[in-house]
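Dear colleague,

Please find below the structure that I am handing over to you. My notes on what was found in it follow directly after.

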Amino acid sequence: MTQLLKVQNFTVSSDGFAAGEDQTLERPFGHVDPGRLMAWAGATASWPMRTDGGGSRGLDDYLTRDFAHNIGAEIMGRHKFGPQRGPWRDHEWRGWWGDEPPFHTPVFVMTHHERPSFTLSDTTFHFVDADPVTVLDRARAAAQGKDVRLGGGATTIREFLDADLVDTMHVAVSPVKLESGVRLWESPDELLDRFHLDVVPSPSGVTHHLFWRK
């Protein structure tokens with residue numbers, strides 16, 4: 001079977017922004033409150049950081065629960081890993097996720113400044129300076145027959161879309177309006193030359209956009 005490159009549960013505002021400006025160590029999403037943007041996922045029973053019982057069921061919960069299904073590797077941009085720019089000055093800092101990252105697979109971080117790979121729990125981070133095709137080839141080999149998730153951010157997803165490498169994509173459009181930041185799209189219609197699209201509203205207020213290659 002073909003190994004798919006999948007975007008899953010990627011959330012944007014109603015005006016197409018996925019993150020804010022002025023990212024810092026304390027503010028991974030810049031000026032944007034990620035809890036507000038991602039409220040639909042945080043409210044589900046399957047949200048991985050949930051510490052109580054409860055949580056919603058239904059479509060939102062299904063998509064949250066499906067996040068790790070058949071995923072063997074992840075690709076992300078450097079600014080999803082951390083806020084640093086330029087050469088790495090602190091190799092002791094190992095990302096925003098602590099000692100138990102949520103990926104549970106090899107992760108390929110795209111950067112112009114490589115650094116040695118390291119492992120935290122069952123996640124190994126590799127830092128690669130290469131084009132999308134090369135990075136995807138490495139991720140597919142590491143995934144051992146499973147699919148590869150393209151985790152973001154928006155700029156990295158656009159790189160892979162522009163290279164025509166994405167097979168399926170789930171984007172949740174939040175009713176929140178941001179007006180500035182890092183944009184995934186002006187409109188989802190931009191992708192209709194290459195993808196089929198189903199648009200499914202949820203009682204939570206988000207609208208799920210499900211794309212698959214034509």
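Predicted model: local features only at pLDDT ≥ 70, side-chain atom pairs only at ≥ 80, totals over all residues.

Pro201 stands opposite Thr207 of β11. Five residues lie between the two strands of this hairpin, and Gly205 takes a positive phi near 105 degrees there. Strand β11 (residues 207–213) is also joined to β8 by six bridges, and these two strands run antiparallel. Within that pairing, His170 has Leu210 of β11 as its bridge partner.

The buried residues of α5 are Pro132, Val135, Leu136, Ala139 and Ala143. Viewed down the helix axis, the buried residues fall within an arc of 100 degrees, so they line one face of α5. Among the elements that cover them are the strands β1 (5–12), β3 (71–77), β4 (106–110), β6 (123–128) and β7 (147–152), together with helix α6 (154–162). At the start of α5, the backbone nitrogen of Val133 has a side-chain oxygen of Asp131 within 3.1 Å. Just after the helix, Gln144 takes a positive phi of about 50 degrees.

The largest nonpolar core contains 30 residues, and Leu5, Ile75, Phe160, Val166 and Met169 have the most contacts inside it. At least two residues of this core come from each of β1, β3, β4, α5, β7, α6 and β8 (168–173). Apart from it lies another core, of 11 residues, which includes Met76, Phe81, Leu120 and Phe125. When neighbours within four places in sequence are left aside, the contacts of Ile75 include Leu5, Phe108, Met110 and Phe160, as well as Val135, Leu136 and Ala139.

Finally, Thr123 deserves a note of its own. This residue is found in strand β6, and Thr123 counts as buried because its relative accessibility is 0%, where the cut-off is under 20%. A polar atom of the Thr123 side chain lies 2.9 Å from the backbone nitrogen of His104. Beyond its neighbours within four places in sequence, Thr123 is in contact with Pro101, Phe103, His104, Thr105, Val107 and Phe118.

With kind regards

How values were computed. Residues numbered from 1 in each chain as written. Heavy atoms only, no water. Buried < 20%, exposed > 50% of the residue type's maximum accessible area, 1.4 Å probe, protein only. Helix = DSSP H or I, 4+ residues; strand = E, 2+ residues; numbered from the N terminus. Arc of directions from axis to C-beta. Contact = heavy atoms within 4.5 Å. Polar contact = N/O pair within 3.5 Å; in protein donor to acceptor, adjacent residues only side chain to side chain. Core = buried A, V, L, I, M, F, W, Y, C linked by side-chain atoms within 4.5 Å. Pairing = 2+ DSSP bridges.
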